[in-house]
Amino acid sequence: MPADGSAVHPRGWEDGAVMSQTPAEPIKTLPLVMEEPRGRKKPPRHLADLTPAERKALLEEQGLPGFRAKQLSTHYFARLVDDPEQMTDLPSGQRADLVGALLPELMTPLRTMEADKGTTRKVLWKLFDGALVESVLMRYPDRATMCVSSQAGCGMACPFCATGQGGLQRNMSTAEIVEQVVAGARSLARGEVPGGPGRVSNVVFMGMGEPLANYKAVIGAVRRLTDPTPDGLGMSARGVTVSTVGLVPRIKQLATEGIPVTLALSLHAPDDELRNELVPINTRFSVAETVDAAWEYARTTKRRVSIEYAMMRGINDQAWRADLLADVLNARGDWGWVHVNLIPLNPTPGSKWTASDPADEREFVRRLEAKGIPTTVRDTRGSDIDGACGQLAATE
């Protein structure tokens, strides 16, 4: 899952698999969906949706002591408590009301799958309205990364991605996004993941959904993750990666937020003709416009942008496309603003797409590096539990 250099990715995860299709055939895609369906009920309001001042005000509106908001925040973000009986500094007579006001249950785990001797854990969550999402915790010797979903489903309609082919159900709330990270943090803190007690060091918005299509909630979640404890989880913004298929106006907006998260741009093709088919948002924002926005993000934030590129056999893995990709990126300057993260395509059930031949992948890397583009090949961790990029489909 990526941009911490590791291994994850949005919309569904490392994508995937077996091709009976050539570039000459038109690729059938769903329509782009930019707005969630109307009429969906909103998730319960939770302290992770609110600023510290808003938490205090909400309690006071309900006739409860405002100062208790900080205690509840400490239990949630610092102590990672999920059992009200352990919140012994709250008066027993008010505890249920306080917890009900600011710590409602947001999601229920339906299934946990493990790989890599238990160090990769994928959880299927059921939200309050029955919507299903998935998150993945990946523990490495030097870090622990949470890959989180930001939407139930995805409206970006990328044809090689399991999530994108499922369509968009709804946006997730800030608190629903944050709860995925807090749940992972609890698992680590309680020693449930091999390697002893630990903490989440990296969060990548590379699970289900297009993060920048749910901009307000995602920025809220980034702020909660990076707010100092006990107001938030106290993570470094440099440990947070926000992925996008290229919503140019939102990339530009993200650059103004003053939060130096890493931007990961899912490019997948260096030319408009192919990218229009692989990443339908390209019909609205061209490769040039999208890469310009990414370059501007790097210039403004001084954070190196990660270019995500799923390697698909016979589709986008030709040597000439590697040269073109390098030229497109180098045209914006060679001041270290970018690196390319190649993703070996992961299989999805019934898919017509397959991963590149290893020799073609090596040649692609060689061509990029020959033109001075730093290049890595993403770890496909979690693919055996459908937990890698492009694979998240959230089915019971």
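Predicted model: local features only at pLDDT ≥ 70, side-chain atom pairs only at ≥ 80, totals over all residues.
Residues are numbered from 1 along each chain as its sequence is written, and side-chain values use heavy atoms, with hydrogens and water left out.

Q: What makes up the secondary structure of the protein chain?
A: The chain comes to 10 helices and 12 strands. Those are DSSP runs numbered from the N terminus: helices are H or I with at least four residues, strands are E with at least two.

Q: Why is R321 called buried?
A: Buried means under 20% relative accessible area, exposed means over 50%, and partly exposed is in between (1.4 Å probe, protein chains only). R321 has a relative accessible area of 8%, so buried is the label. R321 sits in helix α9. Leaving aside residues up to four places away in sequence, R321 touches P270, D271, L274, Y309, I315, N316 and F364; a contact means heavy atoms within 4.5 Å.

Q: How does the reach of helix α9 compare with the span expected?
A: Helix α9 covers residues 319-330, which is 12 residues, and reaches 17 Å from first C-alpha to last, close to the 16 Å expected. The expected span is 1.5 Å times one less than the number of residues. Besides R321, the buried residues of α9 include A322, L325 and L329. The helix's buried residues pack against α7, α8, β10, β11 and α10.

Q: Why is the pair of F160 and W353 called edge-to-face?
A: Rings of Phe, Tyr and Trp (its six-membered ring) pair if their centres lie within 6.5 Å; planes under 30 degrees apart are stacked, over 60 edge-to-face, and the rest tilted. By this rule the count comes to four aromatic pairs. For F160 and W353 the centres are 6.3 Å apart and the planes at 70 degrees, so the pair passes the distance cut-off and lands in edge-to-face. F160 lies in the loop between β5 and β6 and W353 in the loop between β11 and α10, so the pair ties together parts 193 residues apart in sequence. Both F160 and W353 are buried.

Q: What makes W295 and W335 an edge-to-face pair?
A: Their rings are 6.2 Å centre to centre with 80 degrees between the planes, and the cut-offs are within 6.5 Å and over 60 degrees. W295 is in helix α8 and W335 in the loop between α9 and β11, 40 residues apart.

Q: Why do W295 and W335 count as partly exposed?
A: W295 has 24% relative accessibility and W335 has 42%.

Q: How do you know that the charged end of R143 sits over the ring of Y140?
A: The rule wants NZ of Lys or CZ of Arg within 6 Å of the ring centre and within 35 degrees of the ring normal. The charged end of R143 is 4.1 Å from the centre of the Y140 ring and is listed as sitting over that ring.

Q: What makes β2 and β3 a strand pair?
A: Two strands pair if DSSP finds at least two bridges between them. Seven bridges join β2 (residues 120-127) to β3 (residues 132-140), and these strands run antiparallel.
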